[in-house]
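Here are some notes for a colleague who is opening this entry for the first time. Please keep the sequence and the structure in view while reading them.

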Amino acid sequence: MTGSSQISVRRLTGGVGAEITGADLADIGDGAAFENIHQAFLDHGVLVFRKQRLEPDELVAFSSRFGPLEQHVLKQFALPENPDVFLVSNVKDKGKAVGAIRAGQYWHTDCSYMERPTMASLLYALDVPSHGGDTMFASMVRAYEELSDTMKALLANLRAVHDYTNAYDTFFAKFPDRPPLSEQEKAKVPPVEHPLVRTHPETGYKALFVNPGFTRRIAGLTEEESRAILDFLFKHAQQPHFVYRHIWAAGDLVMWDNRATWHLAVADYPMDERRHLHRTSVAGDKPR
Ligand code: OGA
Ligand code: MN
């Protein structure tokens, strides 16, 4: 079969996300299918494709249609034979985790701590636990839209500091099984500043661009002022009507637009069951 262009798009919630049917991502072809998928990605922020069969090189090929791929700072969790593929996994080999454990168990956008944060992330499920281990997504476009005009004006000129070590100092501190960043790794991810509200370069929509995982503080405010505003925004942005919760099945591919969404891995599954996924990351630009 060569990539059929007859895909259908069905919204999953009022807040974010759509399911695409009629697409075989291993063989998307040169027809209209890819353009339709790309448009749905911009329109809905999160796309769900079910019953896919993707070898690592096929996942990389589909992902690359969206732009150049990037590799994660934790190089040890890349697939040895295909370093563009990162393992999100709780599987252990001889007692050693093969993938980043407890990855993303807090609301975040991928690599917001980089000068150029990841544009799109694609996550393909190989093994899923018998229950739990869902991934939640929230629309930062809708979260921004629902702020008052006065709050929007207040946020318009603010910038925030993002720092990978924030997740280690807050979330991972409770879980000693997550190895700390090495000095070498830390040196690769110095803190960066981004606008607190970014304008999506393709859709023109504004989105909140701070997150509990990686945003350390708002620049130019006192610690207390910064904390109060961030805590308000974090609580505001996780309201249920902004959220889609994905219940995984093996063969699902879910991709999301980090310029417009947050996500969180729910850590409620039996740790003796495998949760093993392949991830690719499409490089992004400097938030403006
Ligand atoms: C990620 C991530 C969530 C999950 O891969 O970036 O946050 O549910 N994963 O595994
Ligand atoms: Mn993530």
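Which residues have the most contacts inside the largest nonpolar core?

1. In this predicted model, the largest nonpolar core has 30 residues, and those with the most contacts inside it are Leu-25, Ile-37, Leu-47, Phe-49, Phe-62, Leu-253 and Met-255. Such a core is a set of buried Ala, Val, Leu, Ile, Met, Phe, Trp, Tyr and Cys residues joined through side-chain atoms within 4.5 Å, where buried means under 20% relative accessible area and exposed over 50% (1.4 Å probe, protein chains only).

2. Among the elements that each supply at least two residues of this core are helix H1 (33-44) and strand E17 (253-257), and the largest share, six residues, comes from H1. Helices (H or I, at least four residues) and strands (E, at least two) are DSSP runs, numbered from the N terminus.

3. The manganese ion (ligand 2) is coordinated by His-108 (NE2), Asp-110 (OD) and His-263 (NE2), at 2.1 to 2.2 Å; donors are N, O and S atoms within 2.8 Å of the metal (3.2 Å for Na, K and Ca), and since water is not among the atoms, sites may look incomplete. Both His-108 and Asp-110 are buried.

4. Cys-111, although not a glycine, has a positive phi of about 55°, and with 9% relative accessibility it counts as buried. Lys-51 also has a positive phi, near 55°, but counts as exposed at 77% relative accessibility.

5. As this is a predicted model, local features need pLDDT of at least 70 and side-chain atom pairs count only at pLDDT 80 or more, while totals for chains, interfaces and linings use all residues. Residues are numbered from 1 along each chain as its sequence is written, chains are lettered from A and ligands numbered from 1 in the order in which they are written, and side-chain values use heavy atoms, with hydrogens and water left out.
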